[in-house]
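I am opening a notebook on this structure. I will look things up one at a time and write down what I find.

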Amino acid sequence: MEEQNAAEEQQIKEGIAEILTQCEQDRSQLIPILQRVQETFGYLPKSAISEIGSFLGMTDVQIYGVASFYNHFRYIPLGKHPVQMCMGTACHMVGGGLVLEALERALDVEVGGITIDKQFSLDRVACIGCCGLAPVMVIGEKIFPKMTSTKVDEVLVNLKMEEEEAAQEETDN
Ligand code: FES
């Protein structure tokens, strides 16, 4: 596990170094840099904040202070299956909040968190552009339209079953 962490840290370090070589050393570039880091890693790793701080001459506290104004930055990794619940107006109006609560219960994780087994992370997102299907949930690349709180367990069970079948097929081949 420690070895894996060291490898991950190394990967992050190299990724950040590559991003920073393509960026201007100017504090006005902080948000674009954070966005690129999040696009690359799915979140803002702690070590990345320090590297960016050294690059821009800012403290970690200053960077977190700026980043905290933006809801879309996350500070822990995404799960293997990133679950996103749309909470744009259309989805919110037709029960998106209830689905989100059901997800928190079913996964036993709060919004912005990740399950202990790292399989699922849960986030709320703004309108994803398919309001006619509201309320909309997204897991990875797959869209789940017209979600209800009662469908949550079914979707998660199906996903686990699909995964088990895929793993079984792999061992059979
Ligand atoms: S508000 Fe949810 S898809 Fe537009």
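This is a predicted model: local features need pLDDT of at least 70, side-chain atom pairs count only at pLDDT 80 or more; totals for chains, interfaces and linings use all residues.

**Entry 1: isoleucine 33**

I start with a single residue. What does isoleucine 33 touch, leaving out residues up to four places away in sequence? I find Leu20, Cys23, Glu24, Ile52, Phe55 and Leu56. Isoleucine 33 is also one of the buried residues of α2.

**Entry 2: helix α2**

I move out to the helix itself. Helix α2 covers residues 30-41, 12 residues in all. From first C-alpha to last I read 16 Å, close to the 16 Å expected at 1.5 Å a residue.

Which residues of α2 are buried? My list reads Leu30, Ile31, Ile33, Leu34, Val37, Gln38 and Phe41. Seen down the axis of α2, these buried residues fall within an arc of 160 degrees, so they line one face of the helix. I recall the general rule here: an α-helix has 3.6 residues a turn, so residues three or four places apart point the same way.

**Entry 3: the cores**

Next I look for nonpolar cores. The largest one has 22 residues. Ile33, Leu34, Val37 and Ile52 have the most contacts inside it. Which elements give two or more residues to this core? They are α1 (2-21), α2, α3 (46-56) and α4 (60-67). The largest share, six residues, comes from α2.

I then find a second, separate core. This one has 19 residues, among them Val83, Val99, Phe120 and Val155.

**Entry 4: proline 45**

I go to the loop between α2 and α3, where proline 45 lies. Is proline 45 buried or exposed? I note it as buried, because its relative accessible area is 2%, and buried means under 20%. Setting aside neighbours within four places in sequence, I see proline 45 in contact with Ile12 and Val37. I also check proline 45 against isoleucine 16: they are 29 residues apart in sequence and 9.8 Å apart in space, C-alpha to C-alpha.

**Entry 5: aromatic pairs**

How many aromatic pairs does a search of the whole structure find? It finds two. I write down the pair of tyrosine 70 and phenylalanine 73, which is edge-to-face. Their centres are 6.0 Å apart, with 65 degrees between the planes. Tyrosine 70 is partly exposed at a relative accessible area of 35%, while phenylalanine 73 counts as buried at 5%.

**Entry 6: cysteines**

I search for disulfides and count zero. I look up two cysteines anyway. Cysteine 23 is buried at 17% relative accessible area. Cysteine 86 is buried too, at 3%.

**Entry 7: helix α6**

Now I turn to α6, residues 96-107. Helix α6 has 12 residues and reaches 16 Å from first C-alpha to last, close to the 16 Å expected at 1.5 Å a residue. Its buried residues are Gly96, Val99, Leu100, Ala102, Leu103 and Leu107. Down the axis of α6 they fall within an arc of 160 degrees, so they line one face of the helix. Leu98 and Arg105 are exposed on the other side of α6.

What covers the buried residues of α6? The cover includes β1 (81-86), α5 (89-93), β2 (120-125), β3 (137-139) and α7 (151-172).

**Entry 8: loops and backbone**

I follow the chain out of α6 and reach aspartate 108, whose phi is positive, near 55 degrees. Aspartate 108 sits in the loop between α6 and β2. With 70% relative accessibility, aspartate 108 counts as exposed. Lysine 118 is in the loop between α6 and β2. The phi of lysine 118 is near 65 degrees, a positive value in a residue other than glycine.

Alanine 134 and proline 135 are joined by a cis peptide bond, with omega about -5 degrees. I place proline 135 in the loop between β2 and β3.

How values were computed:
Residues are numbered from 1 along each chain as its sequence is written. Side-chain values use heavy atoms; hydrogens and water are left out. Helices (H or I, at least four residues) and strands (E, at least two) are DSSP runs, numbered from the N terminus. The expected span of a helix is 1.5 Å times one less than its number of residues. Buried means under 20% relative accessible area, exposed over 50%, partly exposed in between (1.4 Å probe, protein chains only). The arc is that of the directions from the helix axis to the C-beta atoms. Rings of Phe, Tyr and Trp (its six-membered ring) pair if their centres lie within 6.5 Å; planes under 30 degrees apart count as stacked, over 60 as edge-to-face and the rest as tilted. A nonpolar core is a set of buried Ala, Val, Leu, Ile, Met, Phe, Trp, Tyr and Cys residues joined through side-chain atoms within 4.5 Å. Contact means heavy atoms within 4.5 Å. A disulfide is a pair of cysteine sulfur atoms within 2.5 Å.
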